[in-house]
Amino acid sequence: MHEPLTPRRRSTAVAWTLAVLGLVTLPSPSAALRAQEPAAEAPATTAPAAAASEAPAQHADAIFAAATAAIPWRLIGPANMGGRVTDIEVHHAQRNVWYLGTAGAGVWKTSNAGTTWERIFQHEGTSSIGDVAVAPSNPDVVWVGTGEENARNSVSFGDGVYKSTDGGKTFVNVGLRESLHTGHIAIHPNDADVVFVAAMGRFWGPNPDRGVFRTKDGGKTWQKVLYVDEATGGIDVRVDPQDPSVVHACLYEVRRDEFCSNDPVVRFGAMAGYYRSADGGDTWTRVHEGLPTCKWGRSGLTVFAKDGQHLYLTIETERSGWATGTQRVRGDDESGNAYLGVQGENPAEGDGAKLTSVTKDGPAAGAGLQVGDLVLAVGDESVETWQDLQRAIRRSKGGEKAKLKIKREANELEIEVTWGTREGEGETDADPNAGPYSGRLYGQRENVQLRQGKDGFQTGGIFRSDDRGLTWKRVNSLTDRPFYFSKIAVDPSNVDVVWTCGVPVFKSTDGGKRFRQVQRSIHVDFHALWIDPQDGDHVLLAGDGGLHETQDGAKTWDQVDNLALGQWYKVDVDTSDPYRIYGGLQDNGTWGGPMLTRWSEGIAISDWVTLAGGDGFGAAVDQTEPDIVICTSQNGGLVRADMRSGGNGGVRKPDDAGPFNWDTPFFLSPHNQKILYFAGRRAVRSLDQGRNSTSISPELGLTKRGTATAFAESPRRAGLLYVGTDDGAFWRSEDGGANWEEIHSKVTGLRGPRYVSSIHPSRHEDGRVYVTFDGHRSDDNSTYVFVSEDMGESWRALTDTLPKSQPCFVVVEDPRVEDLLFLGTEVTCWASRDRGASWQRFATDLPTVQVRDLVIHDREADLVAATHGHGCAVVDISALRQIDADSGADGAMLFAPERVTRWLMRSRGTQGDREWFAPNPPLGATVRLWLAEAPKAGTRVAILDVRGESVATLEVPAEAGFHSLQWEMGAAGRRRGRPAEAGAYAARLTLGERSWSVPILVRDDPGGATHPFAESVTLPPSRQ
């Protein structure tokens, strides 16, 4: 989906004009000139990577390393919709200094209450933050626990705990590197060296580095003071502000699997619960008095700041959201109200739902179902797991009949059942306010505790203690999507004012007896809040939509929209001039915006537009009709958006193609942009961009749950298709989907089936194809990137010079230079000039961040990245394209810039300091050069016009290495003070007797005639 239809056709007239004038040399073109020619006119090198590495390329390697370390990325946002914020921290004595921990963008700090922000935790080992804590006794001591605590399908992991003693200017990792996810950090109120960390441990497998840890020496040494087993971790920990010998903690068992399902596969545990220490954390007691006795899920704590005897606790239990509080039939996002009266599990082997309990006198018992029966289908719908049967029940209506296909011992039977009706007709997630046990997404509605009876407390909710946690009393039924939220806070100045996070945010003013939703006109899904200790009406609230603020107790809200925290999944570019960028963002839909604007301040929020809603994932732009964009939301929600009309229409999917992955792969064929491919359980092709579609493959997964995660077509051979799945299946079709062959077994070097994260067929060789695997979902953080030269029959790993534990998301090949590759991983971007034999980190001005997708805009020589935390990022790769084995052999190299445009610029006027702008590219021409040795002081690069006259000079730093010089297109000599005219120029570097020259083509703004400023701007005539 990322390749243009044809190679870029750059005119060579400029180079020939300059050659005639003796300003450049042709016919043995330098690497710089050769790289500027189109692929069709200058065939790419065909030597294999191994052969290339044997060439005398020591200078080329040095140049490439220097270039990738020097060429800066440009973060362009946007900031309209924020991104997931996981924590807000404000010291009680510095109420204008706020710290934000984020799911994928590190830690941010403001010292002026949100007017401006600085990134303070940006180049450490991870960008995923679970918690930030400031020492109550010293605001300069800041702790960061890495690894988000929300076990979402997009969650990233951390690498331990960091500490700053200078207010966040610098950080040092102080240990717990294998804890991976941090629930909370609590600091002693009077001693900044005494710190407790609630460590979640691994989300994808067991490990011992979980529970509650304590340091008494500021992180030099650690003790594991609360630990129960390798599956149960710490989700919260709090220290009593008046009596720090009393410490409170919540433990939680959670695990995800390789499938990108909405909820964790394990979310309840026998050892999960509330624990209390009365001796500063040395010993712990699990407290039961007044608390649920069934299995707990996630829970969260808050302690009243003025008097630590008062606490609130939010609890999810295995009964949260049960339809009646006694039957294991959960509410979900289904609209039915049926009840069967069974409990079940997944069988040890094979498919189906194995019944483990049949309720006496229930609908199942009346129909003759028995314990041990294996349910295989409900009507025409197959049942492959216990969860499938639950979903089928939830979609059904009480009183209706259904036929169940079951297996009893060796016999298959068909049994007709009449669905019972759950208590409170219609009490489902479609109507979360119906019935006393209903709720949203396995949660429970607020304020129905008095209707739930004496055992209602077993379903969880909000609990209160007034004796420092020794005994508890349930005060409210509320739990809202508890695995994802479960954050609660009490107003530091009023013990009866309580806030709790969920899809909406809830507030109580009577000690939790009654809650009401109080968010208005802001993004939902909240994970963090801070209540001003001096003004309870002043609250900061954050979640999937960034940061929000109220000054009047939630009557009105302000969105803090100067934080570019967008969590992009995929990215694509169009053929506009200047081109536009499109991508999908976690919980924030699909957006598009320009790579530059004609405003001198840069790219503003208003320059971005939204195309589709939901969780945004991918975007594919029709390269022949760039106003048409295909977008996706979660689970295969594809739409065809028309930028001209602003409308969009759904893409039709065959009935047998689903289910679809959370992040469904799709693309427009590089051979025919009307052909749309996408895949779920099966691969699908549409010949009319989604108006009609047909399944073209067998079921793709290695298991019944498997769905496609990567899908691609060779840009050289129409119909050569590759598709991979979340459970490790990998397929090839050579005839457009008529026949398929499994090729996953041919990929050696994997530690088992792994999530196929990207497939990239080459533009340079028919049989060449690249693939990356993301193993972290299988509790395997290994680095996996491979290449095949024979359409997948054999594979070679490209990881010799990469870190060994860096999950990979995407690999792309440059469309002009076949040896030039780029790789996006868990924490950064990498570049290779020898087709993966060696790699260089390519991350100047790019913070540590997941790089989820990459696309190359061939015409402009831009690499565009979808980062999962810092929005979209762009970098100029024109210099990298010009480096070959002969580069730098004579001690220097001058790089030709891509075409240069005299953009019409105008200021927006006074905006204030809070307004967000992303930078435009530097104005003028960027002239880059590499020097093996430091030049003499005063060395300059001359800019020459077609007459050979110098119009400008650029001073070269007196240092060896890679340099970028900026010609802002001002003129010198007799034209001083006037802007340079459009036309042909050259840059010339002279060192002693030697000189190097490259061409520069300057053009007028292509939109000048229709530009809104054109009437007030006079363009000088272009020189041909």
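**Asp886**

I looked up Asp886 and found it in the loop between α7 and β66. Helices here are DSSP runs of H or I with at least four residues, strands are runs of E with at least two, and both are numbered from the N terminus. Asp886 is exposed, with a relative accessible area of 57%. I use buried for under 20% relative accessible area, exposed for over 50% and partly exposed for anything in between, with a 1.4 Å probe and protein chains only.

I note the ground rules here. This is a predicted model, in which local features need pLDDT of at least 70 and side-chain atom pairs count only at pLDDT 80 or more, while totals for chains, interfaces and linings use all residues. Residues are numbered from 1 along each chain as its sequence is written, and side-chain values use heavy atoms, with hydrogens and water left out.

**Nonpolar cores**

I then searched for nonpolar cores, meaning sets of buried Ala, Val, Leu, Ile, Met, Phe, Trp, Tyr and Cys residues joined through side-chain atoms within 4.5 Å. In soluble globular proteins, nonpolar side chains tend to be buried together. The largest core here has 33 residues. Those with the most contacts inside it are Trp73, Phe822, Phe842, Leu854, Leu863 and Leu880. Elements that each supply at least two residues of this core include α4 (58–70), β63 (851–857), β64 (862–867) and α7 (878–881). The largest share, four residues, comes from α4.

I took Leu863 as an example. Leaving aside neighbours within four places in sequence, its contacts (heavy atoms within 4.5 Å) include Trp73, Phe822, Phe842, Leu854 and Ile877. Another core, of 26 residues, lies apart from the largest one, and Leu894, Leu929, Leu991 and Ile1000 are among its members.

**Aromatic rings**

How many aromatic pairs does a search of the whole structure find? I got 23. Rings of Phe, Tyr and Trp (its six-membered ring) pair if their centres lie within 6.5 Å; planes under 30 degrees apart count as stacked, over 60 as edge-to-face and the rest as tilted. Phe203 and Trp204 form a tilted pair, at 6.2 Å centre to centre and 55° between the planes. Phe203 is buried at 0%, and Trp204 is buried at 10%. Tyr677 and Phe711 are edge-to-face, at 5.8 Å and 80°. Tyr677 lies in strand β48 (residues 672–679) and Phe711 in strand β51 (residues 708–713), so this pair ties together parts 34 residues apart in sequence. Tyr677 is buried at 4%, and Phe711 at 8%. I also found a cluster, in which ring pairs link Phe730, Phe773, Tyr784, Phe786 and Trp795.

Then I looked for charges over rings (NZ of Lys or CZ of Arg within 6 Å of the ring centre and within 35 degrees of the ring normal). Arg777 lies over the face of Tyr755, at 4.3 Å from the ring centre. Arg852 lies over the face of Phe809, at 4.6 Å.

**Strands**

Strands of a sheet pair through backbone hydrogen bonds, either parallel or antiparallel. I count two strands as paired if DSSP finds at least two bridges between them. Strand β8 (residues 161–164) pairs antiparallel with β7 (residues 138–146) over four bridges. Ser164 in β8 is the bridge partner of Val142. Three bridges join β8 to β9 (residues 172–175), also antiparallel. Val172 in β9 is the bridge partner of Lys163. Val161 and Lys163 point one way from β8, Tyr162 and Ser164 the other way, and all are buried.

Elsewhere I traced an open sheet of four strands, β51-β52-β53-β54, with antiparallel pairing. Its edge strands are β51 and β54 (741–742). Five bridges join β51 to β52 (residues 721–725), and Ala708 stands opposite Thr725 in β52.

**Backbone and cysteines**

I found a cis peptide bond from Gly77 to Pro78, with omega near 10°. Pro78 lies in the loop between β1 (74–77) and β2 (85–90). Another cis bond joins Gly658 and Pro659, with omega about 5°.

Leu176, which is not glycine, has a positive phi near 55°. Leu176 is buried at 13%. Ala554 also has a positive phi, near 90°, and is buried at 3%.

How many disulfides does the structure hold? I found zero, taking a disulfide as a pair of cysteine sulfur atoms within 2.5 Å. Cys294 is buried at 14%, and Cys501 at 3%.
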